[in-house]
Amino acid sequence: MAGLATATVLTVTASGCVTVHGEREVVPSATRAEAARALTAFTDAYNKADKAYDPALDADRVTGAFGATTQAGFSARHVTSPGGNARYSPLELTGAAYTIPRQAGWPRWFVADTDSNRDQDDQGPGDTRWLLLFIRTGPQQGWKLAYLSILGVKDVPAFAKDKDGWAQPVRADDPSLALAPKDLSAGYTSYLQSGKPAVFADGGHTSGWREARQKNAVRSGRVSQFVDQPLSEGDFAPLGLRTADGHALVFFAARHFERQTAAKGVRLDITPDEKAMLTGQVTTSLTREWVSNELALVPAQGAVVVMDRVQGLVATKGE
């Protein structure tokens, strides 16, 4: 889908909820009707932005990792296709189930588990659910989509809920987990660089990604260097929910760079969208910057499973 990043996400809540205006009472972060309105408002705004390739049209409905990647994507496409999206097809999100935690203070957030019209509804590997995490940072602020993760229908875990159906958020500094949510971004980016900490299970977003990078580091007169940085402040903070089996499903974000340097006489390839984001001039090197959001299943003991990664290009720099 034009403008949408391709990767996944992870969930956790801010440790020791921040109190604003003395709001210390533990309450549901939203009503189910309010959550439904937030999903509809986002979908309407996103479709307008996607049709026109105009990031201003959904800027007040997105934030965090999702906002960073889609806003950059729409901005680039606005340059390369100023007439708008000639292949526009509206996004439809249906069959929503809302997982709403009880919490105190701000930010408040919830997760919408939806069926999109971008998959195959056949119960096979192409049949997916979109998990959208919305946040609201204060009583005068609106709901914004911060994280998107895409899982197979059978991969969405059951969440722990109280007798009234409200979910249980996970503290960012929860000591009962194999890796506290607040440490996920730093741990993940360290792992991508060095293979440590060895707390992450093998998979396409962990060992598989490291192996792919190593394999492609030197190609046809081009050398690539990779740098990964944690991203966990503000609307990029990790947020998580307790699952019914006692684990935590955590949304978190990270930043990634690839600096590609060419040998003498070798030309570096750059796509139209990358060129639209470019600062500087590509002579011997090109640096690409991505923002990703990950979704991780964190047990009390054992390996952390990175279930999904949604990643989008946000900048390019030539030297």
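**Strand pairing in the predicted model**

Strands β3 and β5 (residues 108-116) pair in the antiparallel sense, with 5 bridges between them. The model is a predicted one. Within this pairing, T99 has V111 of β5 as its bridge partner. Both strands belong to an open sheet of 4 strands, ordered β3-β5-β6-β7 with antiparallel pairing. Its edges are β3 (93-99) and β7 (144-152), each of which pairs on one side only. From one strand to the next, the twist averages 25 degrees. Helix α1 (residues 32-52) lies across β3, β5, β6 (128-136) and β7. The helix runs at about 140 degrees to β3.

Of its 15 residues, 12 are buried, so β11 is largely enclosed by the rest of the structure. The cut-off for buried is under 20% relative accessible area.

Strand β11 pairs with β9, β10 and β13. Strand β13 (residues 285-298) runs antiparallel to β11 and is joined to it by 14 bridges. Here F257 stands opposite E289 of β13. Strand β9 (residues 222-231) is also antiparallel to β11, through 10 bridges. In that pairing, P230 faces A254 of β11 as its opposite residue.

Strand β10 (residues 239-242) pairs with β11 over 4 bridges, again in the antiparallel sense. R242 stands opposite A248 in β11. β10 and β11 form a hairpin with 5 residues between the strands. In this hairpin, G246 adopts a positive phi near 90 degrees.

Terms used: Residues numbered from 1 in each chain as written. Predicted model: local features only at pLDDT ≥ 70, side-chain atom pairs only at ≥ 80, totals over all residues. Heavy atoms only, no water. Buried < 20%, exposed > 50% of the residue type's maximum accessible area, 1.4 Å probe, protein only. Helix = DSSP H or I, 4+ residues; strand = E, 2+ residues; numbered from the N terminus. Pairing = 2+ DSSP bridges. Axes fitted to C-alpha atoms, helices over the stretch in contact; angles between N-to-C directions. Contact = heavy atoms within 4.5 Å.
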